[in-house]
Amino acid sequence: MIDGKTTLTGLLGWPVEHSLSPALHNAAFARLGLNWAYLPLPAPPEHLPEVLRGLARCGFRGLNVTIPHKQAVLPLLDELSATARALGAVNTISIETADVGSPRLRGDNTDVEGFLHPLRAQNITPHSAVVVGAGGAARAVIYGLLQLGTRKIYLLNRNPGHALRLAQSLQPLAASGVPIIPLPFGPATLIEVCQTVELLVNTTPLGMHPHIEGCVWPQDLPMPAHLTVYDLVYNPNQTRLLQIAKQSGARAIGGLEMLIHQAAAAFQIWTGQPAPIEEMQQACPPSWRN
Ligand code: NAP
């Protein structure tokens with residue numbers, strides 16, 4: 001029940017109607033008996049500054065930020081976490097409302113924590129990795145791998161210019177002697193690189209509903225069994241890529257874990273309490289969970 005004392009949070013994006021975040025967070029608030037609510041907040045790009053200011057003045061405590069606002073919110077915030085500053089992207093805002101006249105907005109990025117969670121939970125610390133795709137998600141993934149201590153990262157992308165630009169912008173964040181190597185994406189290159197690396201991460205939308213037959217790996221070829229294959233696609237959670245990985249004896253990680261754990265990290269930033277992961281998992285559509 002929403003009443004006059006409900007603490008408000010929500011998702012800023014354009015559009016937001018397909019997001020799972022309201023279901024995840026509202027299930028978690030209900031489980032912990034918190035009088036909090038999470039709303040979808042569609043914000044057209046040209047009105048982002050006034051929407052953000054207005055929500056902060058209305059007493060909103062927390063916001064998630066999604067496409068196309070993850071970079072655009074940066075200059076509108078008072079403070080950034082080290083991760084948000086390094087990535088140049090914010091997916092979580094916490095709003096300090098102690099002084100109602102002048103709320104303070106702090107930007108964070110929990111995508112990195114979400115990505116790293118299943119790797120840390122399974123003690124997977126790859127010495128080398130290949131990341132396919134060079135968009136916003138790849139940026140968080142490569143930053144996360146650098147945090148994890150990965151010593152060599154190949155970055156394969158359809159548009160080689162995008163891979164080169166991303167590699168150049170992240171290289172200064174890598175320890176000395178840790179190369180980020182951009183290459184054009186193609187099946188032969190991917191197969192060759194996967195002979196030597198320990199982790200393959202798909203950050204392209206290939207395999208995502210409704211085009212579930214899409215796959216970065218050639219459909220009729222087995223994968224090296226030593227690989228861990230991490231697909232960021234979460235709808236469906238068992239993508240064609242992960243099916244091939246399992247059939248080949250490789251370890252498979254689906255994107256739903258990242259989705260849930262980036263939400264859980266935001267939940268903890270806002271409420272100060274650990275998120276009830278099981279409730280969040282149950283809030284996902286059944287077809288995503290298997
Ligand atoms: P993005 O910024 O649009 O980047 C997409 C990347 O995929 C680009 O590098 C693009 O290549 C490449 N790509 C797109 N279609 C392709 C195709 N048909 N063949 C080969 N490469 C293709 O998107 P994003 O924000 O990084 O998100 C990427 C995926 O990750 C989406 O499926 C998203 O749902 C998923 N994701 C999941 C989570 C999670 O929590 N599990 C979090 C974030 C994102 P070009 O540079 O050549 O265009």
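Trainee: Which residue just after H5 takes a positive phi?
Mentor: This is a predicted model, in which local features need pLDDT of at least 70 and side-chain atom pairs count only at pLDDT 80 or more, while totals for chains, interfaces and linings use all residues. Residues are numbered from 1 along each chain as its sequence is written, and side-chain values use heavy atoms, with hydrogens and water left out. Helices (DSSP runs of H or I, at least four residues) and strands (runs of E, at least two) are numbered from the N terminus. Just after H5, a phi of about 100 degrees is found at Gly149.

Trainee: How many of the 13 residues of H5 are buried?
Mentor: Buried means under 20% relative accessible area, exposed over 50%, and partly exposed in between, with a 1.4 Å probe and protein chains only. The buried residues of H5 include Arg139, Tyr143 and Leu148. H5 is mostly covered, and the number of its residues that are buried is 10.

Trainee: What share of the ligand's area does the protein bury?
Mentor: A polar contact is a pair of N or O atoms within 3.5 Å; within protein, one must be able to donate a hydrogen and the other to accept it, and residues adjacent in sequence count only if both atoms are side-chain atoms. Oxygen atoms of the ligand lie 2.6 Å from a polar side-chain atom of His162 and 3.0 Å from a backbone N or O atom of Asn159, while a ligand nitrogen is 2.9 Å from a polar backbone atom of Gly255. Taken alone, the ligand exposes 930 Å² (Shrake-Rupley method, 1.4 Å probe; for residues, only the protein chains shown count as cover), and the share buried by the protein is 74%.

Trainee: Which side chains make polar contacts with the side chain of Thr92?
Mentor: Thr92 belongs to strand E5 (residues 92-96). Its relative accessibility is 1%, so Thr92 counts as buried. The contacts of its side chain include one of 3.3 Å to the side chain of Asn64 and one of 2.9 Å to the side chain of Asn91.

Trainee: Is Asn123 buried or exposed?
Mentor: Asn123 lies in the loop between H4 and E7, and its phi is near 55 degrees, a positive value in a residue other than glycine. Most residues other than glycine have a negative phi. With a relative accessible area of 68%, Asn123 is exposed.

Trainee: Which residue does a cis peptide bond join to Ile67?
Mentor: Most peptide bonds are trans. A cis bond with omega near 5 degrees runs from His209 to Pro210, and Pro210 sits in the loop between strands E10 (199-202) and E11 (228-231). In the loop between strands E3 (62-65) and E4 (79-80), the residue joined to Ile67 by a cis bond, with omega about 5 degrees, is Pro68.

Trainee: What is the radius of gyration of the protein?
Mentor: The protein has 11 helices and 12 strands. The globule rule, 2.2 Å times the number of residues to the power 0.38, gives 19 Å for 290 residues, and the value over C-alpha atoms is close to that, so the protein is as compact as a globular protein of that length. The radius of gyration is 19 Å.
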